[in-house]
Amino acid sequence: MKTWIEPVARPLLALYWRMTRGLTLGVRCIVIDGGRVLLVRHGYVPGWHFPGGGVEAGETAHDALARELREETGVELAGPAVLTGVHHHAGLAGRDHVLVFRADNWRAGPVPAPNREIAEVRWFPLDALPRDVSRATRARLDELRDGASPSPVW
């Protein structure tokens, strides 16, 4: 579901980030339960994505991953997540890198209520992903399934 907010907010955020930050760093988490993967649908950008978000100043990537995963989905890391790839994301300001982790040791907590940021949280069978799964999400799952080296591009 695309809203009027995205075409207005994205360029403004890109300008803000370009002026205030030399580089942005994001984290995403692949959480698989048997043959299902956990995905989120944002309220501000179309499609289904891995849970995750930005690394804040003074925060480690692992801390950001644990925080974002808990805030967005209710999933708590019960052990360290494994870094599976580092990807340059040319969108927005062209200064973004995304660290993708795989969580093998986790526990599910209560799923947070939908809000402006996260409209929906769902588990999908790996062989029946939604039509509107993001290109990058599908690519990371394909790399994981095929054992391929991760692309350097998000």
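These are my notebook entries on what I looked up in this predicted model.

**Entry 1: aromatic pairs**

I began with the aromatic rings. I found two aromatic pairs in the structure. I followed up one of them, W48 with F124, which is edge-to-face. The ring centres sit 4.8 Å apart, and the planes make an angle of 75°. The cut-off for edge-to-face is over 60 degrees, so the label holds.

Where do W48 and F124 lie? I placed W48 in strand β3, residues 48-49, and F124 in strand β9, residues 118-125. The pair therefore ties together parts that are 76 residues apart in sequence.

Next I checked accessibility. W48 comes out at 5% relative accessibility, so I log W48 as buried. F124 has a relative accessible area of 6% and is buried too.

S134 sits in the loop between β9 and α3, the latter being residues 135-146. Is S134 buried or exposed? With a relative accessible area of 14%, S134 is buried; the limit for that class is under 20%.

I then listed contacts, leaving out neighbours within four places in sequence. S134 is in contact with W48 and H49. I also noted a polar contact between the side chains of S134 and T137, at 2.6 Å.

**Entry 2: helix α2**

I turned to α2, which covers residues 61-73 and has 13 residues. From first C-alpha to last, α2 reaches 18 Å. That is close to the 18 Å expected at 1.5 Å a residue.

Which residues of α2 are buried? I logged A61, A64, L65, R67, E68, L69, E72 and T73. I then asked what they pack against. The buried residues of α2 pack against β1 (24-33), β2 (36-42), β4 (52-54), β5 (75-77), β7 (96-103) and β9. β9 is also the strand that holds F124.

I checked what comes after the helix. G74 follows α2, and its phi is positive, near 85°.

**Entry 3: salt bridges**

How many salt bridges does the structure hold? I noted 10 salt bridges. I looked at several of them.

The side chains of R67 and E68 meet in a salt bridge at 3.0 Å, N to O. Both E68 and R67 are buried. For R67 the relative accessibility is 17%.

R67 also forms a salt bridge with E71, where the closest N and O atoms are 3.6 Å apart. E71 and R67 are four residues apart in helix α2, so about one helical turn separates them. E71 stands at 43% relative accessibility, so I log E71 as partly exposed.

I then took a pair in helix α3. D142 forms a salt bridge with R145, and the closest N and O atoms are 3.1 Å apart. D142 and R145 are three residues apart in α3, so about one helical turn lies between them. D142 is partly exposed at a relative accessible area of 29%. R145 is exposed, with 60%.

Last, I looked for shared partners. Salt bridges that share partners join E59, R67, E68 and E71 into one network.

I went on to D96, in strand β7. D96 is buried yet has no salt bridge. How far away is R28, the nearest side chain of opposite charge? I read 7.2 Å.

I looked for other polar partners. The side chain of D96 makes a polar contact with the side chain of T24, at 2.9 Å. Not counting residues up to four places away in sequence, D96 touches T24, L25, G26, H87, H88 and H89.

**Entry 4: N105, in a loop**

I closed with N105. N105 lies in the loop between β7 and β8, the latter being residues 106-108. At 40% relative accessibility, I log N105 as partly exposed. Leaving aside neighbours within four places in sequence, N105 is in contact with L77, A78 and G79.

I also took one distance along the chain. N105 and E117 are 12 residues apart, and their C-alpha atoms are separated by 25 Å.

How values were computed. Residues are numbered from 1 along each chain as its sequence is written. This is a predicted model: local features need pLDDT of at least 70, side-chain atom pairs count only at pLDDT 80 or more; totals for chains, interfaces and linings use all residues. Side-chain values use heavy atoms; hydrogens and water are left out. Rings of Phe, Tyr and Trp (its six-membered ring) pair if their centres lie within 6.5 Å; planes under 30 degrees apart count as stacked, over 60 as edge-to-face and the rest as tilted. Helices (H or I, at least four residues) and strands (E, at least two) are DSSP runs, numbered from the N terminus. Buried means under 20% relative accessible area, exposed over 50%, partly exposed in between (1.4 Å probe, protein chains only). The expected span of a helix is 1.5 Å times one less than its number of residues. Contact means heavy atoms within 4.5 Å. A polar contact is a pair of N or O atoms within 3.5 Å; within protein, one must be able to donate a hydrogen and the other to accept it, and residues adjacent in sequence count only if both atoms are side-chain atoms. Lys and Arg count as positive and Asp and Glu as negative; His and the chain ends are not counted. A salt bridge is a side-chain nitrogen of Lys or Arg within 4 Å of a carboxyl oxygen of Asp or Glu.
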